[in-house]
Amino acid sequence: MIDKKLVSRFLIRPGSRASLHRRDPGWEEINTKATSKKDLKEKAQAALSESLEDLRREQDVLWAADQYSLLIVLQAMDAAGKDGMIKHVMSGVNPQGCEVRSFKQPSSEELDHTFLWRTMKAAPERGKICIFNRSHYEDVLVVRVHPELLGKTGLPADKISKRIWDERFDDIKTYERHLARNGTKILKFFLHISKEEQKKRFLDRLNDPSKHWKFSAADVAERKHWEAYQAAYEQMLSATSTSYAPWYVIPSDSKWVARALVAEIVARTIADLKLTYPKVDKTKRKELDAARRALEREA
Ligand code: ATP
Ligand code: MG
């Protein structure tokens with residue numbers, strides 16, 4: 001079991017500055033008691049299975065109570081492990097109550113609307129968990145690193161000022177507060193990997209034929225903007241971690257550590273809602289009794 005204090009170390013406290021260079025993406029930050037990487041992996045896998053058990057139970061109540069929903073936002077540099085995170089953390093949860101939405105380069109229809117439009121449509125319905133694989137945050141990350149993209153959005157020129165990123169942070173916070181006020185719990189995870197680890201994973205993809213399909217030359221080109229991305233991430237994390245939609249910076253050089261941490265935070269967040277199965281009223285109870293008697297008579 002991962003303890004609560006440990007988990008809170010990865011939270012960006014609302015109003016505080018997120019300094020990524022001071023946050024270790026490696027495993028040393030999480031468990032100095034592990035004697036080796038192999039030992040750490042085994043410990044993390046055991047913690048993950050425990051948290052997944054909790055998550056399964058919690059999702060069942062979330063679904064049955066049908067009041068709250070959970071939105072999980074996943075952001076990361078390329079090859080940080082978003083796909084594996086989704087696969088593992090959602091393994092075993094009831095697929096009926098879970099959705100994954102991936103946000104790629106916006107379509108022309110999406111560009112004809114405000115940047116929040118496509119995520120608004122994708123927000124989860126009551127009782128459900130929805131994972132955003134990339135999200136509205138791309139509009140203050142990739143677009144900030146490549147400001148020429150702004151010119152392609154169709155925005156009126158006088159709406160593109162130096163203050164645009166602060167304005168977008170404001171809009172995002174207002175949007176998330178609106179969701180929160182209406183019963184959507186929001187958790188946001190930045191999977192933090194080191195530049196060296198990213199290189200290693202790209203090389204793995206190049207050297208292993210079964211991983212070739214995952215390799216994209218564009219990802220290597222994007223790597224040249226590493227520092228600009230880190231800066232954009234820091235600004236975004238500092239500006240948009242709030243009490244109602246907190247950011248967690250998850251050390252992700254070890255995939256298993258990252259998965260264990262995220263599963264634990266998700267399970268704990270639903271548990272903190274203290275949801276219960278809906279109680280049936282008198283009329284319904286009578287109906288149940290009658291049905292039971294009828295079935296018993298049959299036997
Ligand atoms: P994977 O590579 O694992 O399939 P991915 O999320 O990297 O997952 P890709 O299709 O490779 O998916 O990349 C999607 C691209 O779309 C990313 O480079 C991302 O930065 C870009 N993107 C997402 N949202 C926007 C946006 N609003 N404006 C411009 N580019 C965006
Ligand atoms: Mg990609």
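In this predicted model, the side chains of Glu99 and Lys128 meet in a salt bridge, with N and O 2.9 Å apart. The pair joins distant parts of the chain: Glu99 belongs to strand E2 (residues 98–102), while Lys128 sits in the loop between helix H5 (117–122) and strand E3 (129–133), 29 residues apart. Lys128 has a relative accessible area of 12% and is therefore buried, the cut-off being under 20%. Glu99, at 22% relative accessibility, counts as partly exposed. Both residues take part in a network of salt bridges that also links Arg101 and Glu125.

Across the whole structure, a search finds 19 salt bridges. One of them lies within helix H2 (residues 37–65), where Glu42 and Lys38 are 4 residues apart, about one turn of the helix. Their closest N and O atoms are 3.5 Å apart. Lys38 is exposed at 60% relative accessibility, and Glu42 is partly exposed at 44%. Another salt bridge joins Glu167 and Arg163 at 3.6 Å, N to O. Here Arg163 is exposed at 55%, and Glu167 is partly exposed at 30%.

The shell around ligand 1 has 8 charged, 5 nonpolar and 1 polar residues. The closest of the 14 surrounding residues are Lys82, Lys104, Arg118, Arg134 and Glu138. Helix H3 (82–89) and helix H6 (142–145) each supply at least two residues of this shell. An N or O atom in the side chain of Arg134 is 2.5 Å from an oxygen atom of ligand 1, and a polar side-chain atom of Lys104 lies 3.2 Å from an oxygen atom of the ligand. For Arg118, a side-chain N or O atom is 3.1 Å from a nitrogen atom of ligand 1. On its own, ligand 1 has 630 Å² of accessible area, of which the protein covers 74%.

Notes:
Residues numbered from 1 in each chain as written. Chains lettered and ligands numbered in written order. Predicted model: local features only at pLDDT ≥ 70, side-chain atom pairs only at ≥ 80, totals over all residues. Heavy atoms only, no water. Near = heavy atom within 4 Å. Polar contact = N/O pair within 3.5 Å; in protein donor to acceptor, adjacent residues only side chain to side chain. Areas by Shrake-Rupley, 256 points an atom, 1.4 Å probe, with all protein chains shown as cover. Nonpolar A, V, L, I, M, F, W, Y, C, P; charged D, E, K, R; others polar. Salt bridge = Lys/Arg side-chain N within 4 Å of Asp/Glu carboxyl O. Buried < 20%, exposed > 50% of the residue type's maximum accessible area, 1.4 Å probe, protein only.
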